[in-house]
Amino acid sequence: MSIEHIGIIGGGIIGLALARWITQKRPGARVTVLEKEDAVARHQTGHNSGVVHAGLYYRPGSLKATLCRRGTALLREYCAERGLPFEQVGKVLVATGAEDAARLDEIERRAEANGVPGVRRLGPEGLREIEPHVQGVAGVHSPSTAITDFIAVAEALADDVRRSGGRIMLGAPVIGLRQDTDTAEVLTGDPRGERVRRSFDRVVVCGGLHSDRLARMAGAPDEPRIVPFRGQYHELAPGSRYLVRGLIYPVPDPRYPFLGVHLTRHVHGEVTAGPNAVLAAAREGYRLGDVLPGELADTLTSPGFWRLARRHWTMGAREMAISASTAVFARQARRLVPAITGANLRP
């Protein structure tokens, strides 16, 4: 019997977790992960807030709810097994007015239906017992919401893949992808500018922000298309970190696709405020000056982007104003913790 050769495009946490699973469940298979950067977890996996969500918001029975609850349990077990940080610092949702407080009923109902442990409703005094510097009329506390270091998790997954006989090929961007009846051919570059053709029995695309492009290489249609948004954070100055014990979030407004500024403690001690969300001019546009005209044009010719813009243009304008001013950014954070000022924040 021939050995099955499986290629996985993308060395983020999804591609690496899949590669690990295959090497464990199908020990006869050859697994190769192709990653364009010189290290794993360089993009979405390494550019997030590090929060392990407990499943408060999601519609009961939905894939988001099911996978969040199952994934949280698996991640907690894995971090314990590998000695990785996993701290259940807890999260409070803070209602700053009557409209927010009314939404807490539905969040409580969903949390209970999703089996999120220990969730309870709080009044103003209860909020301050958990987060002394918060100001709100009501809240919900999720004590099991946790934080971790997703880069460390991804690096551990990559080590597991290698130990099980899989390969992690760094510096191997995919520039061509063709599928036949029995095989898939992948054309990659290398640091020397040479091209290498690789054949696999099957290929799984876990390419993050480039997944739609990779799918089109294999013959998929132009839509749907990924539209990149950049989340801008500020860090609390070290002398202000005491203002936040764990995770402090606003009550989500179901009318909008973005949550708004919130406060997050990280496993290495820093505390961030954010993110807001502004349109990015490149798929990997982590800074304001990161502009790739071709990728921006791809966004501006996307029908999905214009549908989003027509529906939420007022929120988009607000997010741009927050991005342009530290004082405005601080005002958003101050809705949750009144002691925060612009002097406490560093971009």
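Gly189 stands opposite Arg195 in strand 12. The model is predicted: local features need pLDDT of at least 70, side-chain atom pairs count only at pLDDT 80 or more, and totals for chains, interfaces and linings use all residues. Residues are numbered from 1 along each chain as its sequence is written, and side-chain values use heavy atoms, with hydrogens and water left out.

- Six bridges join strand 11 (residues 184-189) to strand 12 in the antiparallel sense, where pairing requires at least two DSSP bridges.

**Helices 8 and 9**
- The axes of helix 8 (residues 303-324) and helix 9 (residues 326-334) come within 5 Å and cross at roughly 115°; axes are lines fitted to C-alpha atoms over the stretch in contact, and angles run from 0 to 180 degrees between N-to-C directions.
- Helix 8 is therefore roughly perpendicular to helix 9 (65 to 115 degrees).
- Ala321, Ile322 and Ala324 of helix 8 meet Thr326, Val328, Phe329 and Gln332 of helix 9 (heavy atoms within 4.5 Å).

**Cysteines**
- The disulfide count is zero (sulfur atoms within 2.5 Å).
- Cys68 is in no disulfide, and the nearest cysteine sulfur, that of Cys79, is 14 Å away.
- Cys68 is buried at 13% relative accessibility (under 20%, 1.4 Å probe, protein chains only).
- Cys79 is buried at 1%.

Conventions
Helix = DSSP H or I, 4+ residues; strand = E, 2+ residues; numbered from the N terminus. Parallel < 35°, antiparallel > 145°, perpendicular 65-115°, else oblique. Buried < 20%, exposed > 50% of the residue type's maximum accessible area, 1.4 Å probe, protein only.
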